[in-house]
Amino acid sequence: MTNLPAKRDAAVPAMSRRASSSRGISNVLRVFSAETDTETATSNVKTGAGQKVVIPEDYRFGGTLLGVAALLGPVLHLWPQFALHALIGGFLTFQTTRVRFRFSDEDLDVVFIDKEEGATDQISTDSSGENMLQGGGANKWKFRSVINWEMWWPGFPMLVYYKETQTKPEGQVHFFPIIMDGKKLYEQMLSKMGPSKNAKPALDDWNLDTALESTPVGRSLKEQMDEKLKAKLKDIKDLGDVVKAFSS
């Protein structure tokens, strides 16, 4: 996995009944299905050549892992699994506060973000430094160097991948967890990175049905669903819709 850059400068109460555990899981899903309140729209940063688009943060991935950790440890007493989920969830949540994807007309770069004091919509950005884990060089790539990209999965994104020839001629792969607004990231990649080896669904098809159809496992799960549940899949577009679908 491509490194998420490190900054250069310096419980849930135990419950004894399964019903309580189920309520805890439902509450976690409701909390993290909500829109983040710090930034809900794509931010535009003006530059001399035009505008750069900074993809806003999304805490649901890291937050959900922390919620699962809270259930695994204090509720189910599975402490090794608790430690693993808490560590990854805490790291991703911390990185979500400051790491962004920034798109210009010609390239993509990964940057630190720092909202200027007293400003509500102005964002200052700084380079995230060099990519020390995979390939070296700056965390900045020309769109024309990207020869393939994928998002797992459109509709319910968790991971983004791309392969570029800027770092090395034979190609360098990069993976990033989705700690930003996945739909806005997908929109930018569709419009600026061009086609990849696999056909991509349209932005209007952003739903759970599209996500399940993207993988053999997902298609197998659909085959086991009854027709009533299948009919709901296209209306499920985030975790909040999942809660509504399975509670109705």
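L87 counts as exposed, because its relative accessibility is 62%; exposed means over 50% relative accessible area, buried means under 20%, and partly exposed is in between, with a 1.4 Å probe and protein chains only. You'll find L87 in helix α3. Together with L84 and I88, L87 forms a nonpolar patch on the surface, with about 300 Å² of accessible area for the three together. A patch here takes residues with over 30% relative accessible area and no salt bridge, and it joins nonpolar side chains (Val, Leu, Ile, Met, Phe, Trp, Tyr) within 5 Å and like charges within 9 Å. The areas come from the Shrake-Rupley method with a 1.4 Å probe, and for residues only the protein chains shown count as cover.

A word on what you're looking at. This is a predicted model, where local features need pLDDT of at least 70, side-chain atom pairs count only at pLDDT 80 or more, and totals for chains, interfaces and linings use all residues. Residues are numbered from 1 along each chain as its sequence is written, and side-chain values use heavy atoms, leaving out hydrogens and water.

Overall, the chain holds 8 helices and 9 strands; these are DSSP runs numbered from the N terminus, with helices being H or I of at least four residues and strands being E of at least two. Of the 248 residues, 42% are buried. The accessible surface of the chain is about 13,800 Å², and carbon and sulfur atoms account for 56% of that.

Now to the inside. The largest nonpolar core has 25 residues, and F101, F103, L108, M151, V160, L185 and M189 have the most contacts inside it. At least two residues of this core come from each of β3 (99-103), β4 (107-115), β7 (146-152), β8 (159-164) and α4 (182-192).

Most residues other than glycine have a negative phi, and most peptide bonds are trans. H77, though, has a positive phi near 60 degrees, and H77 sits in the loop between α2 and α3 (79-96). The other one is a cis peptide bond between W152 and W153, with omega about 0 degrees; W153 is in the loop between β7 and β8.

Finally, the charges. How many salt bridges are there? The count is 11, taking a side-chain nitrogen of Lys or Arg within 4 Å of a carboxyl oxygen of Asp or Glu. D107 counts as buried because its relative accessibility is 7%, while K140 is partly exposed at 35% and K142 is partly exposed at 25%.

For a local example, take E227 and K230, whose side chains meet in a salt bridge at 3.7 Å, N to O. They are 3 residues apart in helix α7 (residues 227-232), so about one helical turn separates them. E227 is exposed at 60% relative accessibility, whereas K230 is partly exposed at 26%.

Definitions and conventions: Core = buried A, V, L, I, M, F, W, Y, C linked by side-chain atoms within 4.5 Å.
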